[in-house]
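Morning, everyone. I have one structure to walk through today. Please have a look at it before I start.

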Amino acid sequence: MIDVTLDGRVAIVSLQGEIDMTSVGPVTSEFDSRIPTDAAGVVIDLSEVTYLDSAGIQMLFDLIRSARTSRLSVSVLVPESSMLNSLLKITNVEQACPVVSERAAAIQAAAEHQSY
Amino acid sequence: MAQVMAAPGRRGLLATARDFLPAGAGLPESLWRVRHAAVVWLLVAHTVGIPLFALARGWDLNHVVLESLPVPFLTAAAAWRALSRRARAVAASLALLTSSAILVHLSGGVIEMHFHFFVMIGVVSLYQDWIPFITAVGYVLIHHGAVGVLDPGAVYNHQAAVQGPWKWAGIHAGFIGAASVAALVRWRLSEEAVLERQNAEQRLKEEMRIASSLYEVGTLLAADLDGDRVVQAVTDRATELTGAAFGAFFYNVEDVERGAYMLYTLSGAPVEAFSKFDLPRATPIFEPTFKGEGVVRVDDVTQDPRYGQLDPHRGMPAGHLPVRSYLAVSVTGPDGSVIGGLFFGHPEPGKFDATAERMAVGIASHAAVALNNVRRYESEMQARRTAEISADRLELLSEASRALFSSLEPQSVFRAVSSMVTQQLADFCLIDYLEPGQELRRIVDGEISEEARALDVVEPPRPGDAHHPVNQAIQSRQTVFVAAGPQGRPPAAIVVPMIGRHEVLGTLTIGVVHDSTARVTRDDIPVAEELARRAALAIENARLYARQRTLAETLQHSLLPESLPKVPGVDSAAVYAAGGPGVEVGGDWYDVIPLSGGRVGIAVGDVVGRGERAASLMGQLRNALRAYAFDGKGPSATLSGLNTLLSGGGAEHMATLAYGVLDPVAGTLTMANAGHLPVLRLRSGSPPEFLESPPGLPLGALPSSSYQEVAASLEGGDVVLLYTDGLVEERTSSIDAGLERLRQATADVPSDLDSLCQSVAGRLTGGRDSSDDMAILAVRLEPVGPVLELDLDSDPGVLGGMRAAVRRWLMANGADETEVFELLVACGEAATNAIRHAGGPVERQFRLCGEVSPAGEVVISVSDFGGWTERRSEVGGRGLPIIEAYVDRLDVDRRPEGTTVRLTRRLSNALTPALA
């Protein structure tokens, strides 16, 4: 459900499958425990997510806030072709953190962007 | 003496000193009397001797009288029986020492006269009592000191002593002390001798007690030829004589009809205390007894290395009577064969000593002899019974036995008896039987003619009617012959009680109506009795079997899923039947597991072996499979994981398993197979087809087996059938033939899955007594129609399955990928809301319906049945804008009985309903 890889000091957290009210709990607790303590930023990668609803959007905001509290900068990675783009737009996720469609750009955003 | 032998160790000096002193336990009454009498006679001698000595020494008469008075006075006290033994001994002691003092005094302190003191101390020690002894020693000290000071010449006759009386009192006391020690040693030795004699007497008494108890048991048993009473008497007496809290006698029984089996009696505990346990197994602690390898006596069985070795209980099963002290002896027949074993227990440790063991061994040998007598007697009686029965009747009986014991169902046992009677013996047959806890029931076979009604036995018995022949036979346990004709002529009937091991089970009535058909006469009573006896055995057998079988099935069912989970778009049903003739639990199981994304895991497996071990392994496997499946592992990885889990568990830890993941959206079933039979796919319009997948090794066979996955396509309406070998295996034919029969049997089956399972089970196992357990699991991928209707539990767990069903439906109706996603999110919001706001505990459901209008609009409605309040009816804050963005129209219809949210969206490329 959640996969964490490292690129320098940026942790890339990949979520998978369908995310609804039954899966937000496990994802949130794993997210908190699996980010390395020396990480500077986090990319939340939604490339493999096939379903996301308002409970998932709420979770996304929670993850972003929790990362911020730990002084991590955050970006969300969603490919151009993903269905999720419209949903993220409706819910204004981009006002909370950068929503990027390229992996390299997402990593860079997570490494640099500190000002939200 | 144990006390002396014991090492002093760290005990106090006082305690050590006490070990070397006499116990002062006092003498036995008889011995004390003899010694006291001797002492009194000695005092009488002194009473006479002292005045004579005084006169001889030339004392004046006044002095003589004065000196002579104390001793007879004290002697009289010593002889006075009203006083206690100790008081008399003290009086005697004082008298003896006073004699010495007077003699010394009369002699003018002559040193030789002091010897008298020493002799007297010795005499006092004869009492073997500390009080008179200490009185004597104290007397010498005080007398020497006091009188030596007041009148030294009365005690001492030399200058040194007269001048230093206390010093010389000390010297004298020293010698007296030495004399006392010598007396103490003698006293002590005497005590030991007495004790040894007492021990010997005790041992002798114990021997006599054992011998007489055993003799008593022996005569009791030898006189009894009733086997049940003998074993109960053995158990009761042995439990009593060994001092056990409870005892049991397990013994083997051989029976012509039933073969060998084991029975037991109990003492000191109610039968219910053991009824729920199996018979003892060949565990290390029991085995020596059942093999006749000697006595097992353990002070604390829970500390014994042989204890607690075997699964599943590792010791006493829960609820067993508490046993710490344990004693078991074999009961071995005259030919050396083990008849059974006597077992004794006590909740406290160290209760059984060597005597208890000897008792048990002795009773066991008596029991063996008595049981052997019983057996000889019984076989003789059997021989005598059959001797009275003519050859053709004997044939009838043996035929009856075959018929009786070929069925394990009480009703068919009754039918077998009655049809045999009416066909070969008589005109009619009545069987009145008692079901446990119920009134008599009657089975009638043959024709009851008007003439037969003259017999009062034909009218069914009323409870409490003591004159009815049936009740008479049951009450008296005796055969009743009734006749309505003259001189015992027909119509006549023999009413025989069917006597089981513990109770009367009912009566068998054999009746004849006409002389011409009179094949039954009084002479046939032995035949009827023998028939009734065998019927009773067969019925008890059948009842026992039925009871144990029900038990086994209950256990098995408790390990299987209570109900199969409801997954939208996937229907499932299962049957399970325990096999005969064994009553042990089998290891067949099945499971249906809802997975993420609306997928469903389906499994059927079979654990090698039977019994508790198989059942517990099955439980473990089921849990592990669920864990792997929830973790998102595919069939191949799941089977590998289970294989690793089972490997190393030995040959008894093997299982076959077919596991597949059904994906309703993709329309696939991905299977992996660990040595299990192939899955059968039923598709309407084409013949049933086995979905062949490479059969891997059974789980637990090799440590690192790999399992290949094979995906088969499923269409809406397809049924997959998973099953265990009990369904297709028959002793007389090959597995392939069985599979072919299954294929043919499923070519035409009901559409309802429950009926389908029952029908398949009936067609394949009907008419034969299935020897193995059997499980069938049928799973259908529901077809997608133009209209979607889902009734769902108000539980977030249903959302994944709901989305899968909606996705399939939308795709079938021409929705593109974006439309599917957006409508799914909109549906999800509406459903989440319905779940969150659903009404009271009764209506914990909501409904989702979908249809496509002729104009190509998808309309999905989500209805709940909760009484929403205005405030709660708001679709959640972020949910509403999402729905509004993804549908063309949103209608919310609030009513007191519930709320319906209707979503409408035009599809760019809808398939018209006519085509769907």
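This is a predicted model: local features need pLDDT of at least 70, side-chain atom pairs count only at pLDDT 80 or more; totals for chains, interfaces and linings use all residues.

Chain B first. The secondary structure of this chain comes to 27 helices and 25 strands. How much of chain B is buried? Of its 916 residues, 47% are buried. Now the contacts. Take those in chain B with a separation of 6 or more: 67% of them join residues 24 or more positions apart. The accessible surface of chain B is about 43700 Å². Carbon and sulfur atoms hold 56% of that surface.

Next, the cores. The largest nonpolar core has 70 residues. Which residues have the most contacts inside this core? They are A:Leu15, A:Ile44, A:Leu46 and B:Met802. So which helix gives the most to this core? That is helix α26 of chain B, residues 817–837, with eleven residues. There is also a second, separate core, with 47 residues. Among its members are B:Leu617, B:Leu621, B:Ala672 and B:Val720.

Let me stay with A:Leu46 for a moment. Leave aside its neighbours within four places in sequence. Then A:Leu46 is in contact with A:Leu15, A:Leu60, A:Val76, A:Leu77, A:Val78, A:Leu84 and A:Leu88. Note A:Leu15 in that list. A:Leu15 is also one of the residues with the most contacts inside the largest core.

Strand β1, residues 2–7, and strand β2, residues 10–19, pair in the antiparallel sense over six bridges. For one pair to find on screen, take A:Val4, whose bridge partner in β2(A) is A:Val13. The hairpin of β1(A) and β2(A) has two residues between the strands. In that hairpin, A:Gly8 takes a positive phi near 60°.

Chain B has an open sheet of five strands. What is the strand order? It runs β21-β22-β23-β25-β24, with antiparallel pairing. The edge strands are β21 (788–793) and β24 (889–895), and each pairs on one side only. On average, neighbouring strands of this sheet are turned by 15° against each other, direction ignored. Look inside the sheet at β22(B), residues 845–852, and β23(B), residues 857–864. Seven bridges join these antiparallel strands. Within β23(B), B:Ser861 is the bridge partner of B:Cys849.

Now a helix pair. Two packed helices are described by the angle between their axes and the distance between the axes. In chain B, helix α4 (residues 61–68) packs against helix α5 (residues 70–79) at about 20°, with axes 5 Å apart. Angles under 35 degrees count as roughly parallel, so α4(B) is roughly parallel to α5(B). Which residues meet there? B:Leu66, B:Glu67 and B:Ser68 in α4(B) meet B:Pro70, B:Val71 and B:Pro72 in α5(B).

Last, two loop residues. A:Arg71 sits in the loop between α2 (54–69) and β4 (73–77) of chain A. Its phi is near 60°, a positive value in a residue other than glycine. B:Gln128 also has a positive phi, near 50°, and is not glycine either. This residue lies in the loop between α7 (115–124) and α8 (130–150) of chain B.

Are these two residues buried or exposed? A:Arg71 is exposed, because its relative accessible area is 74% and exposed means over 50%. B:Gln128 is at 2%, and the limit for buried is under 20%, so B:Gln128 counts as buried.

That's my tour. Questions, please.

Conventions: Residues are numbered from 1 along each chain as its sequence is written. Chains are lettered from A and ligands numbered from 1 in the order in which they are written. Side-chain values use heavy atoms; hydrogens and water are left out. A nonpolar core is a set of buried Ala, Val, Leu, Ile, Met, Phe, Trp, Tyr and Cys residues joined through side-chain atoms within 4.5 Å. Buried means under 20% relative accessible area, exposed over 50%, partly exposed in between (1.4 Å probe, protein chains only). Helices (H or I, at least four residues) and strands (E, at least two) are DSSP runs, numbered from the N terminus. Contact means heavy atoms within 4.5 Å. Two strands pair if DSSP finds at least two bridges between them. Axes are lines fitted to C-alpha atoms, for helices over the stretch in contact, and angles run from 0 to 180 degrees between N-to-C directions. Accessible areas come from the Shrake-Rupley method with a 1.4 Å probe; for residues, only the protein chains shown count as cover. Angles under 35 degrees count as roughly parallel, over 145 as roughly antiparallel, 65 to 115 as roughly perpendicular and the rest as oblique.
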